[in-house]
Every structure is written in C-alpha cells, then in structure tokens.
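Hi everyone, thanks for making time today. I'd like to walk you through one model, and please keep the viewer open while I talk.

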Amino acid sequence: MNNIKPLILVGNGGCMREIVWQIQMLNQQYPIWKIIGIVDKNPSEGYLSYPWLGNDEYLLSLKEEINVAICIGNPSLRKKIAEKLSQNPYLKFPTIILNQLQGNKSKIVLEEQTDLPELIIRNSIIANTASIGRGSIICMDCIVSTEVQIGEFVFLNIGSMVCHDGKIDNYVTLSPDVKLAGNVHIKQGTEIGIGAKVIQGITIGENSVIGAGAVVIRDIPPNCTAVGVPANKIIETR
C-alpha cells in the first residue's frame, strides 16, 4: 500500500484512547492509518493532537468518502451508532488490524478492504482461512485461528484468542485476554468480560454478558448475565 489512509475515530473514552495508542505503535512499523480527528456526541478538545470534529451529524453530513472506526466497547451502543452512520454511503468502515508488523507473515481475508499489504504480525496470528467483517477492530496480540468467522463491528480487545471454527456474530465485544476454544459460537451483541474462558462447542446467546474471569462450560441462553466458575446465569437482562 502506497498511501496512508485517513481515519476518523468515533468515541471519546478509554477504548478510543487505547486504539489511538495501538495505531501509533502500528504506524511506527508500517504507516497505514492517519487519524484526522475524533467524533463524539459531546463537545471535546479532542485527544492528544487529534481535534474534535463534531458529533454524529457531522459524519452524516459528509459528501466525500472517509474511513470511520467506531471505538466503543459497549455492543448495544456500537450497534446503534453503526446503524445510524451506515445511512451515509460515503462513510466506509474498514476492518482494522492493530498488530505490530514484525515476525511471521499471514494473509487474511478482509471484507471491503482488499488493498492491505501482506500483514506481518508480532506475537499474533490471523489464519489465512479466517474472515473478518467490515467495521471490526482486532487489537494487538490477538489470535484468530483457522476457519474462524468474525462478523461486522466486532471488537476483539488486547490478547483475545478465537480457536478453530469459531463464529462471532455482529456487534460482539471480547474484553482483554478472553479465550474461546474451538467451535464456539458467540451470538450478536454479546459482551464477554476480561479473562473469561469458553470451552469447546459452546453457544452463547445474543445480547448476553459473561462476567470477568468466568469459565463457560455449558450453553448460555440469550439476554442474560452469567458469572462464576463454572459460569451460571444470574439475571435476565431484558
């Protein structure tokens, strides 16, 4: 790739700040993204040298193509914003891989972003048979194994791992250091807490929350919160 791509970040919380840091580290190895500003619903002074550009209406008003990354960890809020911003056809939501470019080479399948260079990934592997949908963000030190399917606007935080034949539907969030064994299916809108582990073949229903450090050894129904070792449902969330 010859040109650095301009990128607007949506959100002004900790998730955005971590993504800025990872983009800066990535660009030291291979310049890919140029952050041109931050969009958030509340007026802000921006972050570091990146100005606040406006709220969602600013993005909806744009008439030239621009890349946008939704840097919000909460799945339901990310879904709401993604659906709203997708009304503007000029807004593009690339797949963003934030691994530093050192070490082994790995080609990956990326929807709507076919002009990335061959990625050289430090301490991380994305299998060449994995697919990752638009708007998804894969943070540093993640592992995405063979035949994994990751949907749109998914957020894999630092150090997460998805083993073979896993399926992650749209708008899922994996917190740092989440480990999913093979053939796990995480349905739409689910959030899995830091350090949680899911054994092979489990399905977690849509819009559920898995607590930090939980170990999931049986299927979890939709719309509930489950915690503990082993994880048990404690409350229905809706």
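Phi of D165 is near 60°, a positive value in a residue other than glycine. Most residues other than glycine have a negative phi. Is D165 buried or exposed, or something in between? The answer is partly exposed, because its relative accessible area is 37%.

Now to the whole thing. This is a predicted model, with a mean pLDDT of 88, and 87% of the residues reach 70 or more. There is one stretch to treat with care: residues 102–124 stay under 50 in pLDDT. The model still has 61 contacts beyond four places in sequence for that stretch. Where pLDDT is low, the predicted coordinates should not be read in detail.

In overall terms, the protein has 3 helices and 27 strands. Of its 238 residues, 50% are buried. If you take the contacts between residues at least 6 apart in sequence, 33% of them join residues at least 24 apart.

Let's go to the sheet that contains β1. Which order do its strands take? Reading across, it is β3-β2-β1-β4-β5, an open sheet of 5 strands with parallel pairing. At the edges are β3 (52–54) and β5 (91–92), each pairing on one side only. Helix α1, residues 14–29, packs on this sheet and touches β1 and β2, with its direction at about 165° to that of β2.

Strand β1 is largely enclosed by the rest of the structure, because 5 of its 6 residues are buried.

Helix α3, residues 75–85, lies across β1, β4 (66–70) and β5, and runs at about 160° to β4. Its buried residues are P75, R78, I81, A82 and L85. Why do they share a side of α3? They cover an arc of only 130° around the axis, so they end up on the same side of the helix.

Strand β22, residues 197–198, pairs with β25 in the parallel sense over 2 bridges. In that pair, K197 has V215 of β25 as its bridge partner.

On to the cores. The largest nonpolar core has 31 residues, and those with the most contacts inside it are L156, I168 and L180. Leaving aside neighbours within four places in sequence, L156 is in contact with a list of residues that includes I137, C142, V162, I168 and L174. A second, separate core of 20 residues includes L9, V20, I35 and C71.

Next, a loop residue: E147, placed between β13 (143–144) and β14 (149–150). E147 is partly exposed, with a relative accessible area of 41%. Not counting residues up to four places away in sequence, E147 touches T129, A130, D165 and G166, so our opening residue D165 is one of its partners. The C-alpha atoms of E147 and A127 are separated by 7.7 Å, and the two residues are 20 apart along the chain.

Two backbone details to finish. Y171, in the loop between β17 and β18 (173–174), has phi near 65°, a positive value in a residue other than glycine. Y171 counts as buried, because its relative accessibility is 8% and the cut-off is under 20%. The other detail is the peptide bond from V229 to P230, which is cis, with omega near -5°. You will find P230 in the loop between β26 (224–227) and β27 (232–236). Most peptide bonds are trans.

How values were computed: Residues numbered from 1 in each chain as written. Predicted model: local features only at pLDDT ≥ 70, side-chain atom pairs only at ≥ 80, totals over all residues. Heavy atoms only, no water. Pairing = 2+ DSSP bridges. Helix = DSSP H or I, 4+ residues; strand = E, 2+ residues; numbered from the N terminus. Contact = heavy atoms within 4.5 Å. Axes fitted to C-alpha atoms, helices over the stretch in contact; angles between N-to-C directions. Buried < 20%, exposed > 50% of the residue type's maximum accessible area, 1.4 Å probe, protein only. Arc of directions from axis to C-beta. Core = buried A, V, L, I, M, F, W, Y, C linked by side-chain atoms within 4.5 Å. pLDDT = per-residue confidence, 0-100.
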